[in-house]
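Colleague: I would like to learn how to read a model feature by feature. Can you take me through one, with the cut-offs as we go?

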Amino acid sequence: MEPNVSIIIPVYNGEKTVERAIRSCLNQTYQSLEVLVVDNGSVDQSTQIIENLSRVDKRVKLVKLTKKGRSNARNVGLNQTKGKFIQFLDADDELLPHKIEAAVNFLEAHAACFAYGTGIEYVTNKGSIIRIPDTSNNIELLIHNIFPINALVFRKNPIRFDRMIEFDEDWLYWVELFKDNMLGVTMTPEIGARVHVTGENTMNDTSRMLYYEILIRGIIRQKYPISNGILLKTDVKKMLMLNSLAHFGNITNSQYDEAAKYFMNLNKVAKVLYTIPIIRKKTNQGVNGILEKQTYQG
């Protein structure tokens, strides 16, 4: 019998955490699932750990790649799924036991619903916080990534990740899925997954994540041009932040040019605004505040 749910886990040198991630899938109260672990050429013990687990539980399937990249890994996983529902999971993180069961029960009972999501607990060495995505309007998703990668269980579909984008790539994917169909997403405040934020994963690289949020917003702006005052204000603010990142040397000139090209005249306006002392000071303080948190969540 084919599995009803496919869980996709990209991994690269994840020997310290990948077993925890996989076991959190196998320990779900809902058992009709497969766990596709897509290895991006790990040089540690990741593949051995995954192979050992696959021998014990045939629902675990190892897919080996030679080309690195999370977007490519997720696409390979999506192309091999057998389930009619999809769940993403990062190799650092874990699903809580009832997440898949709650999602499948809801989606099978509500044919018009495309995705079912839960809150996410972010755990750091200083404690934890809860994030529950706000799906009250479509515009919010165009401003920033409201869906953590582990939040949703959704119906299988032909949308794929942009292979050229390796950071904040899930935001663009969610926009492709839900830009015209936010009503098809049902959220619950229940906590369904746990994200472990450490110095060894990309969520800890705040300057890079902030830069890629600006870049991805530019790509979305170009692909889906919408005249909206809130988006205009947001884009000017992002250009001010881009200029601040450049001012402090957090990005290269080529990175600056790559992001700025999507905003064109708005960046010209922001560059002028950035010369005004009070605006420059406020922008720099805001950017520094984000960077000092050491955990960027969009």
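Modeller: Start with the secondary structure labels. Helices (H or I, at least four residues) and strands (E, at least two) are DSSP runs, numbered from the N terminus. With those labels, Asp-168 lies in the loop between strand E8 (152-155) and H6. Two cautions: this is a predicted model, where local features need pLDDT of at least 70 and side-chain atom pairs count only at pLDDT 80 or more, while totals for chains, interfaces and linings use all residues. Residues are numbered from 1 along each chain as its sequence is written, and side-chain values use heavy atoms, with hydrogens and water left out.

Colleague: What is the phi of Asp-168? And is Asp-168 buried or exposed?

Modeller: Burial goes by relative accessible area: under 20% is buried, over 50% exposed, and in between partly exposed (1.4 Å probe, protein chains only). Asp-168 is at 8%, so it counts as buried. Its phi is positive, about 60 degrees, although Asp-168 is not a glycine. Asn-13 also has a positive phi, about 50 degrees, and is not a glycine either. Asn-13 sits in the loop between E1 and H1. Its relative accessible area is 31%, so Asn-13 is partly exposed.

Colleague: How do I read aromatic pairs, and how many are found in the whole structure?

Modeller: A pair of aromatic rings is described by the distance of the centres and the angle of the planes. Here, rings of Phe, Tyr and Trp (its six-membered ring) pair if their centres lie within 6.5 Å; planes under 30 degrees apart are stacked, over 60 edge-to-face, and the rest tilted. The search of the whole structure finds 15 such pairs. In one of them, Phe-88 and Trp-174 have ring centres 6.2 Å apart and planes at 55 degrees, so the pair is tilted. It links distant parts of the chain: Phe-88 is in strand E4 (residues 85-88) and Trp-174 in helix H6 (residues 169-178), 86 residues apart. Phe-88 and Trp-174 are both buried. Tyr-211 and Tyr-212 make an edge-to-face pair, with 5.3 Å centre to centre and 80 degrees between the planes. Tyr-211 is buried at 3% relative accessibility, and Tyr-212 is buried at 18%.

Colleague: Which residues form one aromatic cluster?

Modeller: Phe-88, Phe-114, Phe-147, Phe-154, Phe-161, Tyr-173, Trp-174 and Phe-178. Phe-88 also has a charge over its ring. The test is NZ of Lys or CZ of Arg within 6 Å of the ring centre and within 35 degrees of the ring normal. Arg-74 lies over the face of Phe-88, 5.8 Å from the ring centre. Lys-68 lies over the face of Tyr-12, at 3.9 Å.

Colleague: Now helices. Which residues of H2 are buried?

Modeller: An α-helix has 3.6 residues a turn, so residues three or four places apart point the same way. In helix H2 (residues 46-56), the buried residues are Ser-46, Thr-47, Ile-49, Ile-50, Leu-53 and Ser-54. They span an arc of only 160 degrees around the axis, which puts them on the same side of H2. The arc is taken over the directions from the helix axis to the C-beta atoms. On the other side of H2, Arg-55 and Val-56 are exposed. Contact means heavy atoms within 4.5 Å. The cover over the buried residues of H2 includes strand E1 (5-11), helix H1 (18-26), strand E2 (33-39) and strand E3 (60-64).

Colleague: What span should H8 have, and how far apart are its end C-alpha atoms?

Modeller: The expected span is 1.5 Å times one less than the number of residues. Helix H8 (residues 229-247) has 19 residues and should span 27 Å; its end C-alpha atoms are 27 Å apart, which agrees. For the ends, we need polar contacts. These are pairs of N or O atoms within 3.5 Å; within protein, one must be able to donate a hydrogen and the other to accept it, and residues adjacent in sequence count only if both atoms are side-chain atoms. Asn-228 caps the N-terminal end of H8, with a side-chain oxygen 2.8 Å from the backbone nitrogen of Ile-230. Just after H8, Gly-249 takes a positive phi of about 75 degrees.

Colleague: Which side chain does Glu-94 join in a polar contact?

Modeller: That of His-196, at 2.8 Å. Glu-94 is in strand E5 (residues 94-95) and is buried, with a relative accessible area of 14%. Leaving out residues up to four places away in sequence, Glu-94 touches Arg-20, Ser-24, Leu-89, Ala-193, Arg-194 and His-196.
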